[in-house]
Amino acid sequence: MAHIRSLFFDGPLSEVENKALKAYTMGRPSDVIWNITNRCNLLCDHCYMAADAHSLPDQLSDEETITLITQMGELGVPLVFLSGGEPMMRKNFWEILEKAHSYGMHITVSTNATLITREAAKRLKANGVDWIATSLYGPPHFHDKMVGVPGTHDRVIAAIKILREEGVGVALKSAVSRDTLPFIPHIIAKAKELDAGLVYLCDLITSGRSEGEESARATAAEWKQLADSILADLLDPASTMEYDIGAIPSVIPYLAEKLKAEGVDVSNGLERLKLVSACPVGKGHMNINSEGGIMPCQFAQDWTVGNIRDMTLTEATTELYKLDAQEAKGICAPEACEYSRICRGCRTKAWHATGDAMFEDPTCLLKRLADGEGTTPGDAHYERTPLSAAAPCVAPGACG
C-alpha cells in the first residue's frame, strides 16, 4: 500500500500515516488489517480468500476477538482495518468496533457496503470510523457479474451516498485486471462524482478464486498507462483525489521518476519510503485472519508466523520485523536495484510464485518495461519451493 498524494504532496492521510510511522519507529505495529470473519454475502470472481456464506470452523470466538482488540488498544496500535469476508456479517462486529473506538484508534472498515443503512452509517460515524473502503468494479452490469449477486451495484452506490451525507469518508477499491482495466476511468470519475476521497487500485492477486490466473493480470504497458493517468490527476490543481496502489509497489518508483521529471521534489517521500517501503511487509504492518493466524500480508492467508492464541501482539510484531532484516533477491536485491529498500517488490507475489518470500517480484513494472515486455500478460514463471524447503519464517507456522 502506498498513498501517493500523502507521500509526495500533502494528502488527506498524512496525519494518520505520521502516527503509523511513529509506531513503527517505536517497534510497535504501525497498522493491523484484521479479517474478523471469512463469511461473505457475495461471491466475487477474484476473491483472494474464496469467502462465502460459511464461517471457518476455528475462527476466533467473540471473547477472543475482544481480548485481541483490547491488546491492540493497550499496545497503542494507531490504525486498524476491520475486514472480511464481509465484516458486518460477524455477529459481534459492533462490539469490536466500539472497543476499538474506546482506545482512540483510527478505524477503516473494508466492506461491500450492502449492509449499510442510514442507521448503520450513523452508528459507524458515532464509533469513529474514518473511512469505509468498498469495492466498485465498473458500471452496474459488470459490477454485478463480478460479485455474483444482481443489484449489488445500486446498493453500493446508495450506501456511498448515505455515508457521505453522514460525514463518513469513502474509499473506492478495485482489483486491476485485464477485465476491470477498461472501467478504471469510470471508477475514478464515479469516486469524484460521489465525493469519495480515495481510490485504491490493487494488482490482481492470484489466490483464492483467482488462483492460477496470472495471465489475467494487466500488462506492464497497461499499468504504465494507468500510472500516467494517475500522475496527470495528481498534478491537476483542481483534483484532491488520493490514490493508493496495492500489490505492485514498483509503480511508486516509476511515479517518483516521472514526478522528478516534472520538477516535483520527491526527496521527502523517498526518504520516508526508506523506512516504511511501498510494500509494507516487515515494516510494522500486521495482518490477522479470522482464525487468529498472524500474516505478513492479507493477500497470503497461508503465509503465517504464528497464531494470536499462542503469542502476544508484541511477540508477533517481533517475528514480522525479522522479515525486514532479510534482503530481497534477484532483480529486487539492493545490488540490482536502487529502489530495493524503497519498493521492496511485492513479497506476497514472490511467496505465491516460489514459496520464498524474499525472491524477486515477478511483476516488477520497471523490469518488465526495461526488458520490452510491456505487452506480455501475466508474469514470469518460477518453480515453487516446497514448504518444507522454504526459507526460515516462510513456511506457515515456521516462526510460531
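Buried, as used here, means under 20% relative accessible area, while exposed means over 50% and partly exposed lies in between (1.4 Å probe, protein chains only). The model is predicted, so local features need pLDDT of at least 70 and side-chain atom pairs count only at pLDDT 80 or more, whereas totals for chains, interfaces and linings use all residues. Residues are numbered from 1 along each chain as its sequence is written, and side-chain values use heavy atoms, with hydrogens and water left out.

Helices (H or I, at least four residues) and strands (E, at least two) are DSSP runs, numbered from the N terminus.

Let's start with strand 6 (169–176). Of its 8 residues, 8 are buried, so strand 6 is largely enclosed by the rest of the structure. In a regular strand the side chains alternate between the two faces of the sheet. Here, one side of strand 6 has Gly 169, Ala 171, Lys 173 and Ala 175, the other has Val 170, Leu 172, Ser 174 and Val 176, and all of these are buried.

Who sits alongside? Two strands pair if DSSP finds at least two bridges between them. Strand 5 (residues 129–135) runs parallel to strand 6, joined by 5 bridges, and Ile 132 stands opposite Val 170. Strand 7 also pairs with strand 6 in the parallel sense, over 6 bridges, with Cys 202 of strand 7 as the bridge partner of Ala 175.

Strand 6, helix 8 and strand 7 together make a right-handed β-α-β unit. Right-handed here means that, with the strands pointing away from the viewer, the path from the first strand over the helix to the second runs clockwise.

Which residues of helix 8 (residues 184–193) are buried? They are Ile 184, Ile 187, Ile 188, Lys 190 and Ala 191. Looking down the axis of helix 8, you find its buried residues within an arc of 160 degrees, so they line one face of the helix; the arc is that of the directions from the helix axis to the C-beta atoms. An α-helix has 3.6 residues a turn, so residues three or four places apart point the same way. Pro 185 and Glu 193 are exposed, on the face of helix 8 turned away from its buried side.

The cover over the buried residues of helix 8 includes helix 7 (152–165), strand 6, strand 7 (198–203), helix 9 (220–234) and strand 8. Just after helix 8 comes Asp 195, with a positive phi of about 65 degrees.

**The cores**

A nonpolar core is a set of buried Ala, Val, Leu, Ile, Met, Phe, Trp, Tyr and Cys residues joined through side-chain atoms within 4.5 Å. The largest one has 112 residues, and Trp 34, Met 72 and Leu 124 have the most contacts inside it. Helix 9 gives the most to this core, with 7 residues.

What is Leu 124 in contact with, leaving aside its neighbours within four places in sequence? Contact means heavy atoms within 4.5 Å, and the partners of Leu 124 include Phe 93, Trp 94, Val 109, Ile 132 and Leu 163. There is also a second, separate core of 11 residues, with Cys 40, Leu 42, Phe 142 and Phe 183 among them.

**Aromatic pairs**

Rings of Phe, Tyr and Trp (its six-membered ring) pair if their centres lie within 6.5 Å; planes under 30 degrees apart count as stacked, over 60 as edge-to-face and the rest as tilted.

| Pair | Centre to centre | Angle between planes | Type |
|---|---|---|---|
| Tyr 24 and Tyr 321 | 5.6 Å | 40 degrees | tilted |
| Trp 303 and Trp 351 | 5.7 Å | 20 degrees | stacked |

Tyr 24 belongs to helix 2 (residues 14–25) and Tyr 321 to helix 12 (residues 313–324), so to speak distant parts of the chain, 297 residues apart. Both tyrosines, Tyr 24 and Tyr 321, are buried. Trp 303 is in the loop between strand 10 (293–295) and strand 11 (306–307), and Trp 351 is in helix 14 (residues 347–354), so their pair ties together parts that are 48 residues apart in sequence. Trp 303 is buried at 0% relative accessibility, and Trp 351 is buried with a relative accessible area of 0%.

Ala 113, in the loop between strand 4 (106–110) and helix 5 (118–126), has a positive phi near 70 degrees. With 1% relative accessibility, Ala 113 counts as buried. Ala 247 has a positive phi near 65 degrees and lies in the loop between strand 8 (242–246) and helix 10 (251–261). Ala 247 also counts as buried, at 11% relative accessibility.

Finally, the peptide bond from Gly 84 to Gly 85 is cis, with omega near 10 degrees. Gly 85 sits in the loop between strand 3 (79–83) and helix 4 (93–102).
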